[in-house]
Amino acid sequence: DEGIGFDWSDAINRFTSVSISNRIVTITFSIPAGTTVIDPTTITTTTMQFGTGYSFQRKVLYASGRWWAFFATSSTQIAYASSTDGTTWSSTTNLMSGDINLGFAVFLKNPDTLFWVRTSDNSTFSYRNGTLNSDGTISWLIPTRQVTTANPSTRYPGITVAPSEDIWVSVRTAGGGVVRIEAWRYTSGSWTKSRDFSTGQGDFHFVTQIFATTTGIILASGKILNGKTNLTWASYSVLNTWSNRSSVQLYDHAYSSMTARGDVVSCACSLGSGTLPLYFWNFTFTSGLFSTETRLDRVSNFATITNYGSGNNYAIIYGGNATGVIYFNSTDGGKTWNSKNILSSTDTTGYYLNSNFNGTNIGALWVNGSSSPFNVRFAVITAAGGAITRAISDTLTLSETLSRLLVLGRSLTDTITLSDSIQRAIVVARSIADTLSITDSIAASLG
């Protein structure tokens, strides 16, 4: 009745060889190249199916040796929890009262400074920053502060910090019955409005996301229901001066999530009523050129995109369908994509995916369930492009109470010694197809 807690479906050649020597059983099998995951875990519950919304607000961070997840526990409370391994989570800590549906976004300024922004459908946005500590607490550097916007009905904010240390915030507002997009900049101790333009539309399902690239600011906006995605961009060379191409309409897809690396912004566009196509494309800031869009799948809920490892690696995660929570990954800048992978087959009602990269792993956050209470879920994906490479074989020993992700990326064969009662699947990520020897001491059966 003792055994090894592996998911053997990961192996392409199962039980290639089995040998017994001196009470030691050795099983050899092969793991293909690609990405694999630790089983999802439940952080807490929420009364809101929208509890982790929206995907473009990226409510997952990694700092001070911990994953940090931000979510709503109810329609009136926003909270957070943290974990050193993505499996065992702290109890939730209330961050603020309010409705997360009206807009809440976070940003991490390396290595450990949290910035958050919140909108409340009025004429202001609130913000605060603090230090994320290794014990799971937050040391706030300033009290919560408010900025009055040019127009009312603030919602769906974005926030970033530029290399110059300036803070940038984007919000959706409304004036004269028309949706507007505002960009605000904090520099030299004060806030100034940098950009304020009309979308020309009365449909209020517009959202914003803002990025600081190596050469400027990207401001993205778009509809989240049956709409289009737009980009504007600016230059650092002149304060608050935006390029003439300040409102470029992109593909006819509803907005979902973007990520930025260097001067390249990449988008996953997906959401609409019913099941709509999932697309990927790149925009290069310096040239102002867009890549050809790539259609990946059909999806009925927000997708999240993360750039991991080198600048050419992307992962797109989405849910809301009977298959479960799904992910694709690309290692060539989105030119080609690996086959569809199942992150969780049991989370068939996974909504509002969020993700981020910690240097080795991708953390994914979502809400699952068809009725309240809903589960706030988290999983870790280790991708081939972010693997650690060793020049020689290693031997790793795991304790019987293994509760964290084992990440392996080897150019040679590895030997892993496992105890009898491992309760979780071991997750192995390869940059090439590796062969592993797994040894388990089985005293009960051989003694």
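Guide: Happy to. Let's start with a cysteine: C269 is buried, at a relative accessible area of 1%. Bear in mind that this is a predicted model.

Visitor: And C267, buried or exposed?

Guide: C267 is buried, with a relative accessible area of 0%.

Visitor: OK, charges next. How many salt bridges turn up in the whole structure?

Guide: A search of the whole structure gives seven. One of them pairs the side chains of D166 and R185, with 2.6 Å from N to O. D166 sits in the loop between β14 and β15 (167–175) and R185 in strand β16 (residues 178–187), so this pair ties together parts 19 residues apart in sequence.

Visitor: Is D166 buried or exposed? And what about R185?

Guide: D166 is buried, at a relative accessible area of 7%. R185 counts as buried too, because its relative accessibility is 8% and the cut-off for buried is under 20%.

Visitor: Which residue does K193 meet in a salt bridge?

Guide: The side chain of K193 meets that of D196, at 3.3 Å from N to O. K193 itself counts as partly exposed, with 36% relative accessibility.

Visitor: Which residues are linked with K193 in a network of salt bridges?

Guide: R180 and D196 are linked with K193 in that network.

Visitor: Good to know. Which side chain does D121 meet in a salt bridge?

Guide: That of R155, at 3.4 Å from N to O.

Visitor: How accessible is D121?

Guide: D121 has 34% relative accessibility, so it counts as partly exposed. The backbone is worth a look here as well: D121 has a positive phi of about 60 degrees, although it is not a glycine.

Visitor: What is the phi of Y352?

Guide: Y352 has a positive phi of about 55 degrees, and it is not a glycine either. This tyrosine is found in strand β31 (residues 350–357).

Visitor: So is Y352 buried or exposed?

Guide: Y352 is buried, with a relative accessible area of 16%. The cut-off for buried is under 20%, so that value falls within the class.

Visitor: Let's move on to peptide bonds. Which residue does a cis peptide bond join to P111?

Guide: N110 is joined to P111 by a cis peptide bond, with omega about 5 degrees. P111 lies in the loop between β9 (104–109) and β10 (113–119).

Visitor: And the bond from G53 to Y54, cis or trans?

Guide: The bond from G53 to Y54 is cis, with omega near 0 degrees. As a general point, most peptide bonds are trans.

Visitor: Where does Y54 lie?

Guide: Y54 is in the loop between β4 (41–46) and β5 (60–63).

Conventions
Residues are numbered from 1 along each chain as its sequence is written. This is a predicted model: local features need pLDDT of at least 70, side-chain atom pairs count only at pLDDT 80 or more; totals for chains, interfaces and linings use all residues. Side-chain values use heavy atoms; hydrogens and water are left out. Helices (H or I, at least four residues) and strands (E, at least two) are DSSP runs, numbered from the N terminus. Buried means under 20% relative accessible area, exposed over 50%, partly exposed in between (1.4 Å probe, protein chains only). A salt bridge is a side-chain nitrogen of Lys or Arg within 4 Å of a carboxyl oxygen of Asp or Glu.
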